[in-house]
Amino acid sequence: RIYLGRNFGGQGSEDAPPIGVVLKANAYGHGSVLAGRVLASAKVDALFVSEIETALQLRAAPEVQASTPVILLYRSPDQGAACALAFANITMSVLSLSWIEQALEWPPCASPLRLHLMVDTGLGREGLVADEIATGTRAILRHWPNWSLEGFYTHWCCAYDPLEMERSHAVFARALAIVKELRNSARAQAGKVSFTVHTSSSSTALYGIHYDLLRVGGLIFGDPVGIADGTGYSFILPGPHRTLLWKSRIVALRWALPGERFARCQ
């Protein structure tokens with residue numbers, strides 16, 4: 001927080017944007033649930049996970065406050081899983097217009113679905129394309145109070161390419177403007193729920209882009225990352241004191257044999 005606060009023009013941790021930690025790939029080998037509990041104890045502002053079971057376990061963990069957002073990325077849950085997540089007060093991602101169309105056929109869950117809408121700004125992997133944002137947003141807002149639109153985000157495709165980043169940023173800005181306009185014109189309650197805008201990745205600190213919350217993934221678990229923008233400007237994003245490397249220990253070092261397969265020890 002101290003480093004990010006200074007990088008964004010402030011003096012220290014109080015000037016840092018809110019930080020959400022991404023616990024994908026089993027928290028980069030550290031264990032998603034254990035890492036989430038440790039980071040929740042350190043008062044991070046949100047936990048982003050890639051597995052439904054991880055989300056449910058973290059929500060039940062004593063270190064994770066009920067007010068701490070737990071948000072499922074990279075997954076489009078089916079009806080049963082969506083209702084379980086809603087009941088546990090876990091937010092889920094909307095990754096495609098087809099998922100919205102399918103989910104509209106479901107009977108309402110006992111608890112409202114808390115949704116973050118994703119727009120594809122060039123990665124081409126997941127998220128609604130820009131032309132679908134208005135349709136998807138309207139469908140979600142019309143389904144209030146069974147659905148609650150509480151966030152909007154993207155995953156930048158090319159954070160180290162200034163020209164591509166400029167294009168992606170423009171796509172995101174236009175899509176965000178559409179969502180905000182539709183929320184403002186929605187029925188009173190649907191448009192007034194808490195709303196968070198967030199993007200990846202840590203490297204976007206180079207451009208000063210963080211919106212309401214900065215998502216941090218591999219940066220917090222590993223080595224420092226050197227970033228250059230192609231014009232001579234560069235800086236180092238440190239792995240913040242290697243927060244979780246206390247779980248790692250090198251016990252042997254040798255050359256791998258051709259064709260040798262590896263597995264993680266239990």
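This is a predicted model: local features need pLDDT of at least 70, side-chain atom pairs count only at pLDDT 80 or more; totals for chains, interfaces and linings use all residues.
Local features here need pLDDT of at least 70, and side-chain atom pairs count only at pLDDT 80 or more, whereas totals for chains, interfaces and linings use all residues. Residues are numbered from 1 along each chain as its sequence is written, and side-chain values use heavy atoms, with hydrogens and water left out.

Q: Which residues of helix H3 are called buried?
A: Buried means under 20% relative accessible area (1.4 Å probe, protein chains only). In H3, residues 32–41, this applies to Ser 32, Ala 35, Gly 36, Leu 39 and Ala 40.

Q: What puts these residues on the same side of H3?
A: They cover an arc of only 130 degrees around the axis, judged by the directions from the helix axis to the C-beta atoms; therefore they lie on the same side of H3.

Q: Why is the crossing of H3 and H4 called right-handed?
A: A crossing is right-handed if the near helix is turned clockwise from the far one by less than a right angle. H3 passes H4 in this sense, and their axes, lines fitted to C-alpha atoms over the stretch in contact, cross at roughly 35 degrees and come within 10 Å.

Q: Which residues make the contact of H3 with H4?
A: Contact means heavy atoms within 4.5 Å. Ser 32, Val 33, Gly 36 and Arg 37 of H3 meet Thr 54, Gln 57 and Leu 58 of H4.

Q: What makes a set of residues a nonpolar core?
A: Its members are buried Ala, Val, Leu, Ile, Met, Phe, Trp, Tyr and Cys residues joined through side-chain atoms within 4.5 Å. The largest such core has 53 residues, and helix H8 (residues 162–185) gives the largest share, six residues.

Conventions
Buried means under 20% relative accessible area, exposed over 50%, partly exposed in between (1.4 Å probe, protein chains only). Helices (H or I, at least four residues) and strands (E, at least two) are DSSP runs, numbered from the N terminus. Axes are lines fitted to C-alpha atoms, for helices over the stretch in contact, and angles run from 0 to 180 degrees between N-to-C directions.
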